[in-house]
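Please keep the sequence and the 3D view at hand while reading.

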Amino acid sequence: MKNKILIDVERLKYPKSGIANVCLSLIKGLDGLKSDLNYTFYGPAKNIPATKSRFQIINWKFWQKKLPVNTSEFDLIHTTHQLSEYFHAKKSKKKVVTLHDLNFLHDKSSDKKVKKFTNLVQKNVGNADAIVCISEFVKDDFIKNKHLFQLQDDVEIDVIYNGLVFPENEVFSSVKNLNLAEKKYILTIGVLYPKKNQNVLLDMMAHNDRDLVLITSAAKSDYKESFLAKIKDLKLENRVHILENVTNEEKYFFLKNCEAYCHPSLAEGFGIPPVEAMYFGKPVFLSRFTSLPEIGGNLAFYFDNFDAEKMNEVYLKGIQQYENDAKMPQKLCEHALKFSYKSMAESYQNLYKKLLS
């Protein structure tokens, strides 16, 4: 009889989020593997794609936080992010939790928020048989802060990189009319939030003639308001283009046509957008913080600090180096393919089998 696995993909409620993309990649990857495991996915049924394997689905309902789904029939539960509010009680034989980051310990969060998130992580990892970190950086950070959590004595701590589904098409379009056809523009993707640090790109732009395209969500924040004010102060209204809630098709259009991708983030557990940019063979400029050097490797360019003139020097020098190396686009694409959804799914399936053996 096949072992039954329940995978929590509840984050598909927010289909444009990074974790939702990882969940979709995992579903697609498992669907392409031969397996003697029986998979069921818990999440909003309308956002879970149809599969060749016809995986079973338990449809998410908002009240299931209070009246949890009965999981006694499952041999293993996989909670795909550390702040999940579901499946805290371990009624299966084994449990896997994916840990994306502990950013709340480092981003100047209030004591109240730190306590809330620490308690929520505890509820998820406290009875886990395996904790999967999405980068070596996240694993090291978790081990450094392990004293904050009570874990099972024999818990296994592994690293499985996020896997991406890269586009199969080569032609993309956008309905946005930004008049960028004759311009060189920098692309950055991410929620307007202090840890993403996008404001330093505005300072850098004061020293060059590039445009900036920012793909973000429609979420409001104090940081967003200060970002918009800074655009006006620097008189960059005609050079900064903020696009909210774009489709994947449009995102790929801007990735394919940008001059470069910049990600000056202060805190990342992984870093999906830089990998996507590398897939399109684009030069990538990153901060040296948290997981980004691990993801970018020796093919990315790095900002050593956020002084505007120094950043611009790094940028222009990097563009020149990129343009003088005809093999660079191919090298970048090959590097990105290391983070494929197939590799991720295979690693998770091997872990499930190991725990159940």
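Which residue with a positive phi follows H7? It is Gly-281, whose phi is near 75°. The model shown here is predicted, and the values below should be read with that in mind.

**Overall form**

The chain has eleven helices and 13 strands. Its radius of gyration is 21 Å, which agrees with the value near 21 Å that a compact globule of 357 residues would have. Along the principal axes, the C-alpha atoms fill a box of roughly 60 × 45 × 35 Å, and 52% of the 357 residues count as buried.

Helix H7, which spans residues 272-279, is mostly covered, since seven of its eight residues are buried. The buried residues of H7 are Ile-272, Pro-273, Pro-274, Val-275, Glu-276, Ala-277 and Met-278.

**Aromatic rings**

Across the whole structure, a search finds 24 aromatic pairs. One of them joins Tyr-42 and Tyr-86, whose ring centres lie 5.5 Å from each other with 55° between the planes, so that the pair counts as tilted. This pair links distant parts of the chain, with Tyr-42 in strand E2 (residues 37-43) and Tyr-86 in the loop between strand E4 (76-79) and strand E5 (94-99), 44 residues apart. Both Tyr-42 and Tyr-86 are buried.

Elsewhere, ring pairs link Tyr-39, Phe-41, Phe-55, Tyr-348 and Tyr-352 into a cluster. A ring can also face a charged side chain, as with Phe-74, over whose face Lys-4 lies at 5.5 Å from the ring centre.

Is Phe-62 buried or exposed? Phe-62 counts as exposed, because its relative accessibility is 64%. This residue lies in the loop between strand E3 (56-59) and E4, and together with Trp-63 and Leu-67 it makes a nonpolar surface patch of about 390 Å².

**Salt bridges**

Side chains of opposite charge can pair when their charged atoms come close. The structure holds 16 salt bridges, and three of them are set out in the table.

| Salt bridge | N to O distance |
|---|---|
| Asp-203 and Lys-230 | 2.8 Å |
| Arg-210 and Glu-259 | 2.8 Å |
| Asp-304 and Arg-288 | 2.5 Å |

The side chains of Asp-203 and Lys-230 meet in a salt bridge that links distant parts of the chain, with Asp-203 in helix H4 (residues 199-205) and Lys-230 in helix H5 (residues 222-233), 27 residues apart. Asp-203 is partly exposed, because its relative accessible area is 23%.

In the salt bridge between Arg-210 and Glu-259, Arg-210 lies in the loop between H4 and strand E9 (211-216), while Glu-259 lies in the loop between helix H6 (248-257) and strand E11 (260-263), so the pair ties together parts that are 49 residues apart in sequence. Arg-210 is buried, with a relative accessible area of 10%, and Glu-259 also counts as buried, at 12% relative accessibility.

In the salt bridge between Asp-304 and Arg-288, Asp-304 lies in the loop between strand E13 (301-303) and helix H9 (308-323), and Arg-288 in the loop between strand E12 (284-287) and helix H8 (292-296), so the pair ties together parts that are 16 residues apart in sequence. Asp-304 is exposed, with a relative accessible area of 58%, whereas Arg-288 is partly exposed, with a relative accessible area of 47%.

Finally, Glu-10, Arg-11 and Lys-13 are linked in a network of salt bridges.

Key
Residues are numbered from 1 along each chain as its sequence is written. This is a predicted model: local features need pLDDT of at least 70, side-chain atom pairs count only at pLDDT 80 or more; totals for chains, interfaces and linings use all residues. Side-chain values use heavy atoms; hydrogens and water are left out. Rings of Phe, Tyr and Trp (its six-membered ring) pair if their centres lie within 6.5 Å; planes under 30 degrees apart count as stacked, over 60 as edge-to-face and the rest as tilted. Helices (H or I, at least four residues) and strands (E, at least two) are DSSP runs, numbered from the N terminus. Buried means under 20% relative accessible area, exposed over 50%, partly exposed in between (1.4 Å probe, protein chains only). A charge sits over a ring if NZ of Lys or CZ of Arg is within 6 Å of the ring centre and within 35 degrees of the ring normal. Patches are made of residues with over 30% relative accessible area and no salt bridge: like charges are joined within 9 Å, nonpolar side chains (Val, Leu, Ile, Met, Phe, Trp, Tyr) within 5 Å. Accessible areas come from the Shrake-Rupley method with a 1.4 Å probe; for residues, only the protein chains shown count as cover. A salt bridge is a side-chain nitrogen of Lys or Arg within 4 Å of a carboxyl oxygen of Asp or Glu. The radius of gyration is taken over C-alpha atoms; the globule rule is 2.2 Å times the number of residues to the power 0.38.
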